[in-house]
Amino acid sequence: MDMLTREVTQLTQDAADDRWPSWSPDGGQVVFVSDRSGNDDLYVMDASGENVVQLTTDAAMDRYPAWSPDGSRIAFAREDVNGSSLLLLDAACISDPDNCEDSLTPVTVNRYDLHPAWSPDGDRIAFAASDFPGLPWVIAVFDLESGTYSPLPGTGSSDHLPAWSPDGSQIGFSSSLEGAPDVWLMTDTGEVECQLTFNPANDVEVAWSPDGEYLVFASDRGEQGDFELYLIRADCNAPEGVPEADLIQLTDNDADDFNPDWLP
């Protein structure tokens, strides 16, 4: 979607489910998830939708790719019967995709971790952390230099789907503290700053604008009950009593619109 004209351009057209796009830092490519080969794998394409290349071929489900700020690696979650581990793919393998599986390095293993998100400096990865499927998530931060991760305090409920602000000082996320997921903000050390949405619908999958002023997210709050994309100010100082006063609906159609990612 062009944010000035609201014109939407379709990039993929096939019978599969294509989702979870993540821009390369230079805006030239998009990594995404597709089940076009039978199960969820990672693919990459040019920003025009051309030159699609399959990157992963494992029998597990590969989901939630996130391109590192320097463009050298792609973090993602690989889910199988043993849980969901976070892995790093060496983006250099894109030119030789047959070797992409051999380029993988583990971040977390033998857990149920999802939704990796890079810090702007590329030194840390925030993710939804859980010991087992069905247990509440917390947002944790993995330090790539030390190889350790730390759970963040957050809301104390089920916090997930983190997204780092462009300046690295905040993390937007969804939390089920009030029942259905809402959009929240916390500091990069996990202190909750504010709740931004207060709707009984599901508000999920936040992504920051490059200037850090706005968040785009998916919600099924509309009359039809399908998911559309909405824009809200990343501002904890909104006037009291008028939550979501500046909310802008970006899409309006009969489909489910998910997984937004803002061009860097």
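## Phe127 and Tyr149

Phe127 counts as buried, at 0% relative accessibility; buried means under 20% relative accessible area, exposed over 50% and partly exposed in between, with a 1.4 Å probe and protein chains only. Tyr149 is partly exposed at 32%.

The model is predicted: local features need pLDDT of at least 70, side-chain atom pairs count only at pLDDT 80 or more, and totals for chains, interfaces and linings use all residues. Residues are numbered from 1 along each chain as its sequence is written, and side-chain values use heavy atoms, leaving out hydrogens and water.

A search of the whole structure gives five aromatic pairs (Phe, Tyr or six-membered Trp rings with centres within 6.5 Å; planes under 30 degrees apart are stacked, over 60 edge-to-face, the rest tilted). The rings of Phe127 and Tyr149 are 5.8 Å apart at their centres with planes at 65°, so this pair is edge-to-face. Because Phe127 is in strand 10 (residues 124-129) and Tyr149 in strand 12 (residues 148-151), the pair ties together parts 22 residues apart in sequence. Strands are DSSP runs of E, at least two residues, numbered from the N terminus.

Phe217 and Tyr230 form a stacked pair, 5.9 Å centre to centre with 25° between the planes. Both Phe217 and Tyr230 are buried.

The charged end of Arg221 sits over the ring of Tyr230, 5.6 Å from its centre (NZ of Lys or CZ of Arg within 6 Å of the ring centre and within 35 degrees of the ring normal).

## Thr187

Thr187 belongs to strand 15 (residues 182-187) and is buried, with a relative accessible area of 17%. Its side chain makes a polar contact with the side chain of Glu191 at 2.7 Å (N or O atoms within 3.5 Å; within protein, one must be able to donate a hydrogen and the other to accept it, and residues adjacent in sequence count only if both atoms are side-chain atoms).

Definitions and conventions. Helix = DSSP H or I, 4+ residues; strand = E, 2+ residues; numbered from the N terminus.
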